[in-house]
Number of protein chains: 2
Amino acid sequence: MELICYANQRWQPLNESGVSLQDLGFKRGYAIFDFLRVAQGTPLFLSQHIDRFFQSAKDMRLTVPHTKEELARLVYEIIEINRLADSGVRMMLTGGNSEDGLHLGTAQLFLLNEPITPPPAEMKKEGYQMVTYPYRRHFPQVKTTDYSMEIWLRPMVEEHLANDVLYHHHGIISECPRCNFFIVNTAGNLVTPDSNILKGVTRNTIIEIAREIGILVELRDLHLHEIPAAREAFVSSTTKRIIPVSRMDDVYLPVNGPVTTLLFNRFLEREQAEIANEGKP
Amino acid sequence: MELICYANQRWQPLNESGVSLQDLGFKRGYAIFDFLRVAQGTPLFLSQHIDRFFQSAKDMRLTVPHTKEELARLVYEIIEINRLADSGVRMMLTGGNSEDGLHLGTAQLFLLNEPITPPPAEMKKEGYQMVTYPYRRHFPQVKTTDYSMEIWLRPMVEEHLANDVLYHHHGIISECPRCNFFIVNTAGNLVTPDSNILKGVTRNTIIEIAREIGILVELRDLHLHEIPAAREAFVSSTTKRIIPVSRMDDVYLPVNGPVTTLLFNRFLEREQAEIANEGKP
């Protein structure tokens with residue numbers, strides 16, 4: 001099936017579309033994006049993703065060429081056109097063509113509708129295995145397109161028979177390339193980093209849910225040396241929702257403990273409510 | 001005039017060319033490049049640029065789909081096709097299309113021939129003004145396409161009425177986004193950073209020249225606090241050759257001192273020799 005994307009201000013086949021070689025998004029790596037999941041035709045947490053897309057744009061001095069409402073309409077439109085029931089929508093915004101490669105041009109918007117693979121059932125059951133690596137993104141609060149470290153590290157991750165890498169800076173945990181990280185500490189509190197991270201839409205929803213059900217949430221620096229004592233640990237992302245962590249380097253952790261399970265079930269309820277409501281807030 | 005580029009394994013008009021939206025070079029910022037100057041139709045320091053391009057590719061686990069000799073022929077070809085007497089040739093190599101956005105695809109080669117603007121004569125005469133900023137690239141020895149910090153910082157640089165930014169890490173100077181940095185210290189030695197930098201082709205040539213004419217060269221960490229005592233300072237790059245530095249933050253420096261002038265004149269001689277030899281080593 002031929003996928004249709006939005007590029008250069010019009011709908012066109014993805015295979016025939018491209019970004020200009022002179023666009024700063026390609027030539028100089030200057031671009032931001034956001035990515036949301038579509039379930040049963042409904043874009044999940046749409047307004048949160050659009051808000052974050054606009055915030056990333058603002059942080060990078062880019063102007064989105066549409067209002068939030070217009071962008072939401074384009075998202076509904078790309079879902080309608082492609083008719084992938086379960087998929088992802090990627091919104092990208094680049095620095096545009098630049099005369100000197102130094103000053104921003106007119107920001108260019110791209111929308112892609114992509115098939116997505118949900119995490120395998122074993123991963124949910126057996127847990128996510130992680131290796132740690134010292135790294136901090138240059139614009140940590142912004143969803144830029146720079147995933148070069150993740151891709152470059154991939155052979156190392158696989159050599160360690162791990163699923164993913166967890167970044168830290170001098171022992172202070174930040175995030176995985178595409179997930180946020182949580183632990184349940186010995187006091188039963190939910191702890192997650194709050195600085196030098198991309199604040200995931202799934203992460204924010206989990207924090208909301210945890211507070212609603214009376215779990216104390218600690219938004220603070222989390223050190224690697226706190227991991228061995230953790231009762232539970234999990235990662236969250238748009239594609240993965242909540243996946244328990246079973247191993248961090250050589251520390252093994254119990255999976256699907258009570259807090260992880262409760263949060264996961266409540267998260268599914270939120271999703272169902274979104275679907276019933278067709279994504280409208 | 002319509003410029004011709006090399007993209008998707010063929011020559012085509014630049015304006016009609018693009019990179020796939022699914023190429024990791026765009027979608028995930030995974031790409032390397034090199035840039036050389038063409039003077040009177042001759043690609044300058046061609047073999048050094050091609051060697052570095054291959055080294056960048058290797059460091060990023062990318063395979064150049066040509067031999068060095070074939071790539072050199074493509075460079076001569078793009079110059080021949082576009083007939084821009086004085087210009088730049090940009091060679092780019094991307095991670096290619098990836099099924100999962102995580103594992104590298106087949107590396108894609110792009111060649112662009114670009115008009116270049118030589119630095120204005122006043123800049124050479126009056127000097128380059130710089131502001132410092134704490135930053136270190138993630139793959140410092142590799143010429144990746146990630147210039148997002150430079151572009152993002154541009155308004156700050158211009159607010160300070162400066163020409164460029166000099167990066168440092170805890171006070172240890174590394175490089176400018178597109179230039180290397182040198183000082184002549186009180187002993188009359190040429191000092192330039194050697195770690196956490198991209199080793200410029202112009203930089204390497206300057207070091208060679210300095211050694212040939214008996215100037216002691218110190219390749220070592222250079223601290224910001226050494227700047228006020230510097231007798232001379234300059235930046236080097238493919239496009240700028242050698243430009244004296246007149247100001248670093250609020251430290252003013254004398255421009256076009258004897259060492260800077262001598263190195264510049266010798267560098268021009270090297271260039272002339274390259275042109276006479278039509279770029280052949």
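## Where the two domains of chain A meet

In this predicted model, 18 residues of domain 1 of chain A are in contact with 14 residues of domain 2 of chain A. Which elements give two or more residues to the domain 1 side of this contact? They are β4 (31-39) and α2 (46-59) of chain A. Strand β4(A) gives the most, with eight residues. By class, the domain 1 side divides into nine nonpolar, five polar and four charged residues.

The domain assignment places domain 1 of chain A at residues 4-115. Domain 2 of chain A covers residues 121-274. The C-alpha centres of these two domains lie 26 Å apart.

## Chain A as a whole

Chain A holds seven helices and 17 strands. Its radius of gyration is 19 Å, close to the 19 Å that the globule rule gives for 281 residues, so chain A is as compact as a globular protein of that length. Taken along the principal axes, the C-alpha atoms of chain A fill a box of roughly 55 × 45 × 30 Å.

How much of chain A counts as buried? The figure is 45% of the 281 residues. Now take the contacts in chain A with a separation of 6 or more. Residues 24 or more positions apart account for 69% of them.

A:Thr205 is found in helix α6 (residues 201-212) of chain A. Is A:Thr205 buried or exposed? A residue is buried if 20 or more other C-beta atoms lie within 10 Å of its own. A:Thr205 has 21 C-beta neighbours inside 10 Å, so it counts as buried.

Which residues does A:Thr205 touch, not counting residues up to four places away in sequence? They are A:Phe45, A:Phe267 and A:Arg270. A:Phe45 is 160 residues from A:Thr205 in sequence. In space, the two are 9.3 Å apart, C-alpha to C-alpha.

## Two loop residues with positive phi

A:Arg83 lies in the loop between α3 (68-82) and β6 (87-94) of chain A. Its phi is near 50°, a positive value in a residue other than glycine. A:Arg83 has 10, so it is exposed.

A:Leu161 lies in the loop between α5 and β9 (164-169) of chain A. A:Leu161 is not a glycine, yet it has a positive phi of about 55°. With 9 other C-beta atoms within 10 Å, A:Leu161 is exposed.

## A hairpin in chain B

Now turn to chain B. Strand β1 (residues 4-7) and strand β2 (residues 10-13) of chain B pair in the antiparallel sense. Four bridges join these strands. One of the pairs is B:Ala7 with its bridge partner B:Arg10 in β2(B).

β1(B) and β2(B) form a hairpin, with two residues between them. B:Asn8 is in the turn and has a positive phi of about 50°. For strands in general, there is a simple rule to remember. In a regular strand the side chains alternate between the two faces of the sheet.

## Where chain A meets chain B

The contact takes 33 residues from chain A and 33 residues from chain B. β1 (4-7), β3 (18-20), α1 (24-27), β7 (108-115) and α5 (148-159) of chain A each give two or more residues to the side that touches chain B. Which one gives the largest share? α5(A) does, with five residues. By class, the side of chain A that touches chain B has 17 nonpolar, eleven polar and five charged residues.

Strands also pair across the two chains. Three bridges join β3(A) to strand β3 (residues 18-20) of chain B. The two strands run antiparallel. The bridge partner of A:Gly18 in β3(B) is B:Ser20.

## How the two copies are related

Chain A can be laid on chain B with an RMSD of 0.0 Å. The move is a turn of 180° with a shift of 0.0 Å along the axis. That is the relation of a two-fold axis. The same surface serves both copies: 100% of the contact residues of chain A recur in chain B.

Conventions: Residues are numbered from 1 along each chain as its sequence is written. Chains are lettered from A and ligands numbered from 1 in the order in which they are written. This is a predicted model: local features need pLDDT of at least 70, side-chain atom pairs count only at pLDDT 80 or more; totals for chains, interfaces and linings use all residues. Domain bounds come from an automatic or database domain assignment. Two residues are in contact if their C-beta atoms, placed from the backbone, lie within 7 Å. Ala, Val, Leu, Ile, Met, Phe, Trp, Tyr, Cys and Pro count as nonpolar, Asp, Glu, Lys and Arg as charged, and the others, Gly among them, as polar. Copies are superposed by least squares on the C-alpha atoms of residues with pLDDT of at least 70 in both. Two strands pair if DSSP finds at least two bridges between them. The radius of gyration is taken over C-alpha atoms; the globule rule is 2.2 Å times the number of residues to the power 0.38. A residue is buried if 20 or more other C-beta atoms lie within 10 Å of its own, exposed if 12 or fewer, and partly exposed in between; C-beta atoms are placed from the backbone.
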